[in-house]
Each structure stands twice: as C-alpha cells, then as structure tokens.
Amino acid sequence: MRVALVDHLIDVSALIAEVSDESCGAATVFLGCVRNVNAGKPVTGIEYSAYRSMAEREMTAIADEAAQRFGVSRLVVEHRLGTLGLGDVSVAIVAAHPHRAPALDAMRFAIEQLKRRVPIWKLELYVDGTREWVANSGIGNRESGIGNGEAQTEPMASIPNSRFPIPDGGVR
Amino acid sequence: MRAAPGFFVCVHARRAGYILSETMTVTVLLFASYADALGKSAIELDVAPGSTVRDILGTLFAMPGGDRLPPRPLVAVNQEYASASTALQGGEEVAVIPPVAGG
C-alpha cells in the first residue's frame with residue numbers, strides 16, 4: 001500500500017507493476033483526467049494544490065480503510081499537483097487482488113473517498129482567460145461560500161453514502 | 001510560569017500600567033479560495049487560553065476579507081477534521097479547509 005502526492009507525470013504502468021504479482025488475478029485502474037469542459041465552459045487546464053501533510057494523512061487513512069473493508073492491501077494512490085493540461089492524469093488508483101470484486105470495490109471506494117475528504121483544490125483555467133475554484137460534493141462542501149462547481153474529472157459518486165459512511169467532519 | 005509548548009508571556013499595555021497575562025498562539029492555515037479571500041495563506045494568532053475553533057473563526061471573520069468565508073467552514077486541527085467546539089491548547093496548526101476538489 002502506498003499513497004503519494006506527486007509533482008510529475010503519473011506513470012500508470014509503473015503503478016500496475018508496483019502492486020501486482022502472480023497471485024493477482026485482477027488489477028483495476030482508475031484514472032482521473034483533466035476534461036476540456038466544465039459546466040459548459042471550455043477549460044484549458046487545472047492548477048491543483050493541497051494541504052500536503054493532511055492530504056497524505058487522509059489518503060493513508062483511506063488506503064487503510066480499503067484494506068480493512070475489502071482485504072485489498074495491494075493498493076497505490078497517486079495524486080498529481082501543479083498545473084495540468086487537458087487529458088493529463090491528475091489521479092491514479094490501482095488495486096490488485098487474486099479476484100476482481102475486491103479490487104474493483106477497493107478502487108471505487110478509494111476514489112470516492114478521496115474526492116470527498118482529501119484536502120486538494122483545483123483552480124480551473126478557462127479558454128476566455130478567467131479562472132475559478134471548483135469543488136467536489138463532499139463533507140463541508142454544502143455551504144461553500146466561495147468557489148462552487150462540479151467535479152471536474154468524474155461525475156460524483158453514485159454510491160450511496162450509507163455504503164461507505166465516513167464521519168461528518170463539518171463544523172457545527 | 002508554566003512552560004507549556006505554545007505558551008508565552010505577552011505584555012499588554014493597560015491604562016493602569018503594564019501587567020503580565022498569558023496567551024497562546026496558534027498557526028492558522030488558509031488555502032485556495034479562502035487564502036484568496038483573506039489575502040494570505042498563514043496567520044499567527046494570539047488567543048486567550050481556553051479558546052476554541054469557533055473563537056478562531058470569529059477572529060478570521062472580523063479580518064478584511066473574512067466576510068467572504070462561509071459561516072461554517074470545515075476546520076482541521078493538527079491535520080484532523082475538528083468541530084467548532086474543539087478546544088485549543090496552544091501551538092496547534094488550525095487549517096480552514098475550503099470545499100475539497102481532488103480527483
């Protein structure tokens with residue numbers, strides 16, 4: 001199990017090789033990529049930033065939870081920071097297991113949790129020269145006074161929260 | 001004088017003269033849209049002993065640009081999500097977390 005924030009291109013093949021061996025009948029890969037449009041506005045790129053120490057801590061907690069829930073310890077999560085262009089991979093999650101179901105579940109769990117609770121932010125850069133902070137729908141994202149938008153790389157979780165409940169860390 | 005981490009002696013000028021009082025300091029971190037709102041990404045705050053996260057937020061709301069923060073932002077204390085009633089001992093890293101957008 002390994003998680004990392006990186007400032008360079010994500011090497012997906014290397015990640016697959018890292019978590020797989022001959023005992024694994026399945027390796028599942030999720031890639032989040034920079035999309036060329038969001039909420040109808042043409043996008044040229046995204047600047048990713050993070051609260052690094054906490055983000056790594058939350059990513060580690062998610063990987064630990066995936067191991068507990070699904071018995072998948074062969075898991076790697078890399079999230080890239082900095083300025084990314086269209087099509088660039090912003091996040092990669094690879095899970096490997098003797099059987100496909102745990103690998104698929106662990107991968108899905110990891111990306112949904114990452115999008116909800118890991119303190120990473122994106123500043124979308126638009127073709128018209130404007131820029132805007134956008135947000136996923138997750139804890140604390142209900143009352144965003146500033147910067148609200150849709151998830152950029154992927155439609156938000158279709159998984160009910162009850163399946164993967166997490167503590168609500170919102171300030172009350 | 002107690003030598004707890006994060007505590008220091010601060011001298012306050014009062015009309016009657018100078019008195020010694022104990023305050024504590026916390027480091028407030030701001031990110032993304034919240035850093036833009038307040039025009040800075042880190043603030044050292046001197047606060048009274050027994051202060052909570054809610055008190056810190058109140059101080060931030062009163063700062064220039066603080067009105068651009070939402071009324072109940074997410075907060076993490078020492079890299080863990082915390083509640084408004086979380087008490088501070090001094091020396092903590094208090095991060096105000098904008099809506100997250102990883103992925």
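In this report a residue counts as buried if 20 or more other C-beta atoms lie within 10 Å of its own C-beta atom, as exposed if 12 or fewer do, and as partly exposed in between. The model described here is predicted.

**Confidence and overall make-up**

The predictor assigns the complex an ipTM of 0.79 and a pTM of 0.81. Chain A has an average pLDDT of 85, and 80% of its residues score at least 70. For chain B the mean pLDDT is 85, with 80% of the residues reaching 70 or more. In chain A, pLDDT stays under 50 over residues 142-172, a stretch for which the model has 81 contacts beyond four places in sequence. In chain B, pLDDT stays under 50 over residues 1-19, and the model has 25 contacts beyond four places in sequence for that stretch.

The secondary structure of chain A consists of 3 helices and 9 strands, which follow one another along the sequence as β-α-β-β-β-α-β-β-β-α-β-β. Chain B contains 2 helices and 6 strands, and its elements run β-β-α-β-α-β-β-β from the N terminus on. Of the 172 residues in chain A, 42% are buried; of the 103 residues in chain B, 34% count as buried. Among contacts with a separation of 6 or more, residues 24 or more positions apart account for 72% in chain A and for 50% in chain B.

**The sheet of chain A and its helices**

Chain A has an open sheet of 4 strands in the order β1-β5-β7-β2, with mixed pairing. Strands β1 and β2 (26-33) of chain A stand at the edges with a single partner strand each, so one side of each has no neighbour in the sheet. On average, neighbouring strands of this sheet are turned by 10 degrees against each other, direction ignored.

One of the residues involved is A:A27, whose bridge partner in β7(A) is A:A96.

Two helices of chain A lie across strands of this chain. Helix α1(A) lies across β2, β5 (74-80) and β7 of chain A, and runs at about 25 degrees to β7(A). Helix α3 (residues 100-117) of chain A also lies across β2, β5 and β7 of chain A, at about 150 degrees to β7(A).

**The nonpolar core**

In soluble globular proteins, nonpolar side chains tend to be buried together. The largest nonpolar core of this model has 67 residues, of which A:L75, A:I93, A:A106 and A:A110 touch the most other members. Leaving aside residues up to four places away in sequence, A:A106 touches A:A66, A:F70, A:V72, A:L75 and A:A95.

**A helix of chain B**

In helix α2 (residues 53-61) of chain B, the buried residues are B:V53, B:I56, B:L57 and B:L60. Seen down the axis of α2(B), these buried residues fall within an arc of 100 degrees, and therefore they line one face of the helix.

**Individual residues**

| Residue | C-beta neighbours inside 10 Å | Class |
|---|---|---|
| A:H8 | 9 neighbours | exposed |
| B:N78 | 14 neighbours | partly exposed |
| B:A32 | 27 neighbours | buried |

A:H8 is located in the loop between β1 (2-6) and α1 (12-19) of chain A. Although A:H8 and A:G82 are 74 residues apart in sequence, their C-alpha atoms are 8.6 Å apart in space.

B:A32 belongs to helix α1 (residues 32-38) of chain B. Its phi is near 45 degrees, a positive value in a residue other than glycine.

B:N78 lies in the loop between β4 (74-77) and β5 (80-82) of chain B. B:N78 is not a glycine either, yet it has a positive phi of about 50 degrees. B:N78 counts as partly exposed because its 14 C-beta neighbours inside 10 Å fall between the limits of 12 or fewer for exposed and 20 or more for buried.

Conventions. Residues are numbered from 1 along each chain as its sequence is written. Chains are lettered from A and ligands numbered from 1 in the order in which they are written. pLDDT is the predictor's confidence in each residue, from 0 to 100. Two residues are in contact if their C-beta atoms, placed from the backbone, lie within 7 Å. A nonpolar core is a set of buried Ala, Val, Leu, Ile, Met, Phe, Trp, Tyr and Cys residues joined through C-beta atoms within 7 Å. Two strands pair if DSSP finds at least two bridges between them. Axes are lines fitted to C-alpha atoms, for helices over the stretch in contact, and angles run from 0 to 180 degrees between N-to-C directions. The arc is that of the directions from the helix axis to the C-beta atoms.
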